[in-house]
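Here is a short briefing on one protein model. Keep the sequence and the 3D view open as you read.

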Amino acid sequence: MDPSNFTAGLEGVLSTPLAQPAPRLEGRITRLIGLTIEAVGLRVAIGDNCLILVSNSQKIEAEVVGFNDEKIYLMPLQPVEGLSAGAKVIPMTASRNVPVGFELLGRVLNGVGEPIDSKGPLGCALSVSMAGETINPLDRHPIDETLDVGIKAINALLTVGKGQRLGLFAGSGVGKSVLLGMMTRATSADITVVGLIGERGREVKEFIEHNLGEQGLARSVVVASPADDSPLMRLRASQLTTRIAEYFRSQGKSVLLLVDSLTRYAQAQREIALAIGEPPATKGYPPSVFAKLPKLVERAGNDATGKGSITAFYTVLTEGDDQQDPIADSARAILDGHVVLSRQLAEQGHYPAIDIEASISRAMPAIVEAAHLKAAMRFKQLYSKYQQNTDLIAVGAYVRGSDPDTDFAIEKMPTIRQFLQQGLHESVNVEQSLQMLAMSLQPNEPPARPAVKK
């Protein structure tokens with residue numbers, strides 16, 4: 001090597017100023033009111049994550065949910081016991097990604113994608129951002145294929161299409177979770193992703209062990225965020241459930257997405273919005289709640305032609321069985337149909353307690369044959385005729401022959417009720433459901449006359 005070249009190169013290196021590392025900005029906590037933490041001294045954006053140093057060994061993760069001049073509003077993911085004024089806040093440089101992959105099947109996760117089932121690490125080689133890709137509405141494949149959910153009343157009368165999004169509307173204690181478990185075990189979808197949002201901790205384990213079972217869990221992913229989790233954790237659990245379903249859809253799979261419940265998601269967003277000062281608009285719900293709902297729901301559905309699909313069921317809690325509850329009313333407008341569960345039927349021991357008159361599948365006319373649609377309409381007409389005259393029939397005031405349809409409805413009502421009911425561990429596919437529907441509409445054979453002895 002030429003000594004002159006080496007000397008010139010060394011002088012060039014020494015003359016170049018050393019790159020100074022970017023300073024790490026640290027903020028500090030100034031105020032804590034309810035769920036909201038106020039901090040100053042940070043340069044962060046909405047949605048960024050921060051670490052709050054409670055002590056040398058304890059750190060709390062929080063998300064930026066708002067700001068006011070120099071004040072930054074944070075919402076913690078974990079409980080804030082031990083937090084004091086002046087605690088340091090450090091922005092997290094990397095965004096939190098979530099693990100995805102077929103290794104998730106059979107596992108139970110919390111709202112940030114960590115396993116809580118004591119089965120060890122997830123072992124996923126791939127991780128993706130929590131924010132999914134937006135699909136152009138014109139690129140989505142139309143709903144033109146049925147999805148078997150194993151419930152004959154739904155398969156025959158409220159037929160579900162692949163990529164459809166439906167609401168399961170009910171009050172508390174009328175069998176929502178049981179119905180979801182039945183669909184999970186019996187569905188023809190490749191993979192099921194279940195989000196248990198805001199449920200009681202006891203119900204999470206019961207759903208996994210009793211409603212889902214080993215058979216259902218083997219091809220499912222469960223994301224659980226109980227009621228005692230922070231509202232931000234419940235919000236993230238809903239988004240994580242949808243994100244995992246989006247990954248499997250991108251792999252060409254038919255995914256059944258079950259979110260229990262959409263109301264708890266809305267309530268979590270309400271808690272966050274009210275805590276940072278957003279004014280309530282409709283029965284205590286701020287406007288941001290009604291903006292968040294379609295953003296979550298629209299992520300489900302079909303992908304482009306030839307790719308996968310997400311068929312989604314969102315349970316909606318109707319407070320006091322009021323179908324005009326703000327969240328229920330908003331959900332009906334953005335979903336492709338709704339299945340209403342009746343408390344009156346549940347109290348009569350009629351399960352699943354589906355109110356056929358109040359339920360509808362908006363995609364059904366486009367995905368079933370004309371004969372199937374005609375039979376379903378005839379079934380609903382007979383059921384409605386009987387319900388309209390039930391009081392007269394009960395007291396014996398209805399006169400046979402007044403209306404042929406009502407006469408036929410009275411004749412077929414035992415068969416109709418039997419068709420609408422289904423055992424907890426019973427599964428009926430679409431073809432069997434149609435056969436049973438046709439049989440329930442056949443006139444009863446007249447009793448055979450006894451032979452007359454000559």
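Contact here means heavy atoms within 4.5 Å. The model is predicted, so local features need pLDDT of at least 70, side-chain atom pairs count only at pLDDT 80 or more, and totals for chains, interfaces and linings use all residues. Residues are numbered from 1 along each chain as its sequence is written, and side-chain values use heavy atoms, with hydrogens and water left out. Helices (H or I, at least four residues) and strands (E, at least two) are DSSP runs, numbered from the N terminus. Buried means under 20% relative accessible area, exposed means over 50%, and partly exposed lies in between (1.4 Å probe, protein chains only).

- Arg-234 sits in helix α5, which covers residues 231-250.
- Arg-234 has a relative accessible area of 8%, so it is buried.
- Leaving aside neighbours within four places in sequence, Arg-234 is in contact with Ile-197, Gly-198, Ser-225, Pro-226, Ala-227, Asp-229, Ala-268 and Glu-271.
- A polar contact is a pair of N or O atoms within 3.5 Å; within protein, one must be able to donate a hydrogen and the other to accept it, and residues adjacent in sequence count only if both atoms are side-chain atoms.
- The side chains of Arg-234 and Glu-271 make such a polar contact, at 3.2 Å.
- A polar atom of the Arg-234 side chain also lies 3.3 Å from the backbone oxygen of Asp-229.

**Salt bridges**

- A salt bridge is a side-chain nitrogen of Lys or Arg within 4 Å of a carboxyl oxygen of Asp or Glu.
- Side chains of opposite charge can pair when their charged atoms come close.
- The whole structure holds 18 salt bridges.
- One of them joins the side chains of Glu-61 and Arg-236, at 3.6 Å from N to O.
- Glu-61 is in strand β4 (residues 59-68) and Arg-236 is in helix α5, so this pair ties together parts that are 175 residues apart in sequence.
- Both Glu-61 and Arg-236 are buried.
- Arg-202 and Glu-206 form another salt bridge, with their closest N and O atoms 2.9 Å apart.
- Glu-206 and Arg-202 are 4 residues apart in helix α4 (residues 201-218), so about one helical turn separates them.
- An α-helix has 3.6 residues a turn, so residues three or four places apart point the same way.
- Glu-206 is partly exposed at 32% relative accessible area, and Arg-202 is partly exposed at 49%.
- Lys-205 and Glu-209 also meet in a salt bridge through their side chains, at 4.0 Å from N to O.
- Lys-205 and Glu-209 lie 4 residues apart in helix α4, so they too are separated by about one helical turn.
- Lys-205 is exposed, with a relative accessible area of 53%, whereas Glu-209 is partly exposed at 47%.

**Backbone points to check**

- The peptide bond from Asp-260 to Ser-261 is cis, with omega near 15 degrees.
- Ser-261 falls in the loop between β13 (254-260) and α6 (262-275).
- Tyr-351 and Pro-352 are also joined by a cis peptide bond, with omega about -10 degrees.
- Pro-352 belongs to the loop between α9 (343-347) and β17 (360-361).
- Asp-69 is a residue other than glycine, yet its phi is positive, near 55 degrees.
- Asp-69 lies in the loop between β4 and β5 (71-76), and it is exposed at 73% relative accessibility.
- Lys-283 is not a glycine either, and its phi is positive at about 50 degrees.
- Lys-283 is in the loop between α6 and α7 (287-297), and it is exposed at 61% relative accessible area.

**Helix α13**

- Helix α13 (residues 404-420) has 17 residues and reaches 23 Å from its first C-alpha to its last.
- That span is close to the expected 24 Å, which is 1.5 Å times one less than the number of residues.
- A kink of about 55 degrees lies at Lys-412 in α13, shortly before the proline Pro-414.
- The bend at a residue is the angle between axes fitted to the seven residues ending there and the seven starting there.
- Buried residues of α13 include Phe-408, Ile-410, Lys-412, Met-413, Ile-416 and Phe-419.
- The buried residues of α13 pack against α2 (152-157), α11 (370-388), α12 (390-394) and α14 (430-440).
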